[in-house]
Amino acid sequence: MKAPSAYAPWLTPLYVGAVQLGAYATARLPAHRRAELLRAHSTNVDNLRAGRWRTLATSAVFVESPLPAPYGLALLAALGTAEAAWGTRRAAGMFAAGHIGASVLVYGGLRAARALSHQAVTPETERAVDVGASYGFYATVGALAVSVPHRGARAAATAGLLALGAGPMLSRRRDFTDAGHLTALVLGMGAGAVFRKRLGRRLRVNAHAA
């Protein structure tokens, strides 16, 4: 297995750059055409209920507006760090698992809430635009937090992120994307913990063999 320093991030800048360029191109479309395009690639209830499962992939490359510089830099830093530490395949897998897993779980939650009460989920929510990299971003950050080597720093990072993720859920203005962000964060932490343990066992085995 390569050392972390052997991995040179290349997919991260390519992905973030493509998302940003696509956002600028989309922003030039007429408002109604832009809304139709984003809704067609959203992981909303209408699309997934109709079997448009491709949106689980395409929604990750569309955003509602160009990424603000702080968020774009944070996305580059988080995904780039993960790619450098774990390699392109593992980092992409973590991002995809968070994005798809959170999207599917939110969809299931909305369907269940709708079945229990038609007032709980409005038609507007079912048709909402839900695109972007945030679910994958949250999952990756969660996985990085639980991968911190120092136990105290790892506990602090994990607790801090969980508090930040849960905070919006306490607001009266919360929506389903807040639940999605918290879900993605927890998924990433779970996957990251499993990955850390497996990597630790592999390193111990290699050290023993050496």
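The model is predicted. Helix α8 in turn packs with α6, and α9 has buried residues along one face.

**Helix α5 on its own**

- The buried residues of α5 are G72, L75, A78, L79, G80, A82, E83 and W86.
- Just after the helix comes G87, which takes a positive phi of about 95°.

**α5 with α1**

- On the α1 side, the contact is made by L11, T12, P13, Y15 and V16.
- On the α5 side, the partners are G72, L75, L76, L79, G80 and E83.
- Among these α5 residues, G72, L75, L79, G80 and E83 are also buried.

**α5 with α8**

- The crossing of α5 past α8 is left-handed.
- Helix α5 brings Y71, A74, L75, A78, L79, T81, A82 and W86 to this contact.
- Helix α8 answers with S134, F137, T140, V141, A143 and L144.

**α8 with α6**

- Helix α6 (residues 88-116) and helix α8 (residues 134-145) pack at about 120°, with their axes 7 Å apart.
- That angle makes α6 oblique to α8.
- Here the crossing is right-handed.
- The α6 residues that meet α8 are M94, F95, G98, H99, A102, S103 and V106.
- Their counterparts in α8 are Y135, G136, F137, A139, T140 and A143.

- Helix α9 (residues 151-166) has 16 residues and reaches 22 Å between its first and last C-alpha, close to the 22 Å expected at 1.5 Å a residue.
- R154, T158 and G165 are the buried residues of α9.
- Viewed down the axis of α9, these buried residues fall within an arc of 35°, so they line one face of the helix.
- As helical background, an α-helix has 3.6 residues a turn, so residues three or four places apart point the same way.
- The face turned away from the buried side of α9 carries the exposed residues A156, A163 and L164.

**Single residues to look up**

- T43 sits in the loop between α2 (31-40) and α3 (45-49).
- T43 counts as buried because its relative accessibility is 7%, and the cut-off for buried is under 20%.
- Not counting residues up to four places away in sequence, T43 touches L48, T55, L56, S59, S103 and D130.
- A40 belongs to helix α2 and, at 33% relative accessibility, counts as partly exposed.
- A40 touches N47, R54 and T55, again not counting residues up to four places away in sequence.
- A40 and R52 are 12 residues apart along the chain, and their C-alpha atoms are separated by 9.0 Å.
- Y7 lies in the segment before α1 and counts as buried at 18% relative accessibility.
- Y7 and L76 are 69 residues apart in sequence and 15 Å apart in space, C-alpha to C-alpha.
- T177 is placed in helix α10 (residues 176-209).
- Leaving aside neighbours within four places in sequence, T177 is in contact with D130 and Y135.
- T177 and Y135 are 42 residues apart along the chain, with 8.8 Å between their C-alpha atoms.
- D130 is a contact of T177 and also of T43.

Notes: Residues are numbered from 1 along each chain as its sequence is written. This is a predicted model: local features need pLDDT of at least 70, side-chain atom pairs count only at pLDDT 80 or more; totals for chains, interfaces and linings use all residues. Side-chain values use heavy atoms; hydrogens and water are left out. Helices (H or I, at least four residues) and strands (E, at least two) are DSSP runs, numbered from the N terminus. The expected span of a helix is 1.5 Å times one less than its number of residues. Buried means under 20% relative accessible area, exposed over 50%, partly exposed in between (1.4 Å probe, protein chains only). The arc is that of the directions from the helix axis to the C-beta atoms. Axes are lines fitted to C-alpha atoms, for helices over the stretch in contact, and angles run from 0 to 180 degrees between N-to-C directions. Angles under 35 degrees count as roughly parallel, over 145 as roughly antiparallel, 65 to 115 as roughly perpendicular and the rest as oblique. A crossing is left-handed if the near helix is turned anticlockwise from the far one by less than a right angle, and right-handed if clockwise. Contact means heavy atoms within 4.5 Å.
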